[in-house]
Amino acid sequence: MKTYTTADANPAALRDKLTVIYGYGSQGRAHARNLRDSGFNVLVAARPDGASFKQAQEDGLAVDTPENAIPKADLIALLTPDMVQAELYEQIVAPLAKPGAALLFAHGFNVHFGAITPRQDLDVILVAPKGPGALVRSQYEEGRGVPSLFAIHQDATGKARELSLAYADGIGGTRGGVIETTFPEETETDLFGEQAVLCGGATELVVMGFETLVEAGYQPEIAYYEVLHELKLIVDLLNEGGLARMHQFISETAQYGDLTRGPRVVDEHARTQMRQVLKEIRDGTFAREWIAEHKAGRANYQALKQKDLDHPIEEVGRRLRASMSWLKDSASAKKAAA
Ligand code: NDP
Ligand code: MG
Ligand code: MG
């Protein structure tokens, strides 16, 4: 596996062209500002009545409507939420993009599952930072970069690879290291990671742990500290140095409990479910279900989300976090950097 760094990128391949950032949210805002600060020529495309239009202006970026911006673009980064990309592609990008322009995604969902079939003349590439937008921005400002992936779906001009690496360089990705992947691999592993482990798995584990302690009569505040608050300390150790670093810092008692009890909680039943979740990603079941949910007005999605937000762990957490001053500090620091 090759890791691409700043030395592998030729920013000139993109710097003097026009990069249009379509979607100025978590990723778009970070990409646009990093590219601008790297000396690239950036134009934000935003609907005039949305909050992003004003935000991009306040951030000192050039902004225009999608109808005006897209026809001028040499590279279009489509960074709106995944579920609206297909209609924006059909209505605005496909009819208005210049022949031979490049279309860039930060997640392969729509291309991989066939919701978008890009025009044959377009380069179709992916640059996906492995972190949220606020981190992509704050790392860049500190002279570092979030490790990123790139992939090529369609190389119409022969320049797709050079453009991908130039873009990854402009957002700071090459400082953290860039690895080549494919649209199927990025899409399927990203979905699996967030469903089974990072978002779905981790939160279910936390909530079930909380419920188990509270049901047994322990104080909810104590339960919150033990199963949610302290998770960050363990995740930070894993992030810094893997399992070895965690074992180095936790007590022997914690290690013995981990090694003997962990596999009983996350057991072979969990593995079977993980394989099933992965199968539903790979065969398109998840994509079809989520697209249908979006098209039907998202009632189920909203109800499930509300159920999460109404869980007792949220009320306890809000109270306890109010007295943890450093959380406010770090949240405001992130906001300033975001
Ligand atoms: P956001 O949800 O933050 O995007 C919001 C932006 O999209 C806003 O600028 C909003 O404009 C615009 N938008 C929303 N709906 C429409 C619409 N109908 N028409 C025009 N503009 C619209 O997106 P993310 O940054 O979370 O995700 C963007 C892409 O990046 C996705 O493909 C995602 O999978 C990928 N990704 C995201 C990561 C993350 O950390 N969030 C990590 C890696 C990849 P307005 O203000 O006008 O509403
Ligand atoms: Mg994702
Ligand atoms: Mg959950």
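Before anything else I wrote down what a contact is: two residues are in contact if their C-beta atoms, placed from the backbone, lie within 7 Å. I also noted that this is a predicted model.

With that in hand I looked up Gln27. Setting aside neighbours within four places in sequence, I found Gln27 in contact with Leu79, Ala106 and Gly133. Gln27 lies in helix H2. Is Gln27 buried or exposed? I got 24 C-beta neighbours inside 10 Å, so Gln27 counts as buried; the cut-off for buried is 20 or more.

I then checked the UniProt record. An unreviewed entry there lists Tyr24, Gly25, Ser26, Gln27, Arg47, Ser52 and Gly133 under "binding site".

**Ser52**

Ser52 sits in helix H3. I found 19 other C-beta atoms within 10 Å of Ser52, so Ser52 is partly exposed. Which residues does Ser52 touch, not counting those up to four places away in sequence? They are Tyr24, Gly25 and Ala46.

**Around ligand 1**

Then I turned to the ligand. How many residues surround ligand 1? I have 22 in my notes, and the closest are Gly25, Ser26, Gly50, Ser52 and His107.

Helix H2 (26–37), helix H3 (51–58) and helix H5 (82–96) each supply at least two of its residues. Sorted by class, the shell has 10 nonpolar, 10 polar and 2 charged residues.

**His107**

His107 was on my list of residues closest to ligand 1, so I looked it up. UniProt, again in an unreviewed entry, places the feature "active site" at His107. Where is His107 found? It is in the loop between E6 and helix H6 (109–112). I found 19 other C-beta atoms within 10 Å, so His107 is partly exposed. Leaving out residues up to four places away in sequence, His107 touches Asp82, Ala128, Thr187 and Asp190.

UniProt (unreviewed entry) places "binding site" at Asp190 and Glu194. Asp190 lies in helix H10, and Glu194 is found in helix H10 too.

I compared how covered they are. Asp190 has 20 C-beta neighbours inside 10 Å and therefore counts as buried. Glu194 has 13, so Glu194 counts as partly exposed. Glu194 touches Cys199 and Gly200, with residues up to four places away in sequence left out.

**H10 against H11**

Gly200 took me to the next helix. Helix H10 (residues 183–198) and helix H11 (residues 200–215) pack at an angle of about 10°, and their axes are 3 Å apart. H10 and H11 are therefore roughly parallel to each other. From H10, Glu194, Gln195, Ala196, Val197 and Leu198 meet Gly200, Gly201 and Ala202 in H11. I counted this contact by class as 4 nonpolar, 3 polar and 1 charged residues.

**H12 against H18**

What is the angle between helix H12 (residues 220–229) and helix H18 (residues 312–322)? They pack at about 90°, with their axes 10 Å apart. H12 and H18 are therefore roughly perpendicular to each other. Pro220, Glu221, Tyr224 and Leu228 in H12 meet Pro312, Ile313, Val316, Gly317 and Leu320 in H18. The residues of this contact divide into 7 nonpolar, 1 polar and 1 charged.

**Thr3 and Pro99**

Last, I looked up two exposed residues. Thr3 lies in strand E1 (residues 3–4). With 12 C-beta neighbours inside 10 Å, Thr3 counts as exposed. Apart from neighbours within four places in sequence, Thr3 is in contact with Gly177, Val178 and Ile179. I also noted that the C-alpha atoms of Thr3 and Ser148 are separated by 9.9 Å, though these residues are 145 apart along the chain.

Pro99 is found in the loop between H5 and strand E6 (102–105). It has 9 C-beta neighbours inside 10 Å, so Pro99 counts as exposed. The C-alpha atoms of Pro99 and Asp74, 25 residues apart along the chain, are separated by 9.1 Å.

Note on methods:
Residues numbered from 1 in each chain as written. Chains lettered and ligands numbered in written order. Predicted model: local features only at pLDDT ≥ 70, side-chain atom pairs only at ≥ 80, totals over all residues. Near = placed C-beta within 6 Å. Helix = DSSP H or I, 4+ residues; strand = E, 2+ residues; numbered from the N terminus. Nonpolar A, V, L, I, M, F, W, Y, C, P; charged D, E, K, R; others polar. Axes fitted to C-alpha atoms, helices over the stretch in contact; angles between N-to-C directions. Parallel < 35°, antiparallel > 145°, perpendicular 65-115°, else oblique. UniProt positions renumbered as here; feature names shortened; annotations may be inferred.
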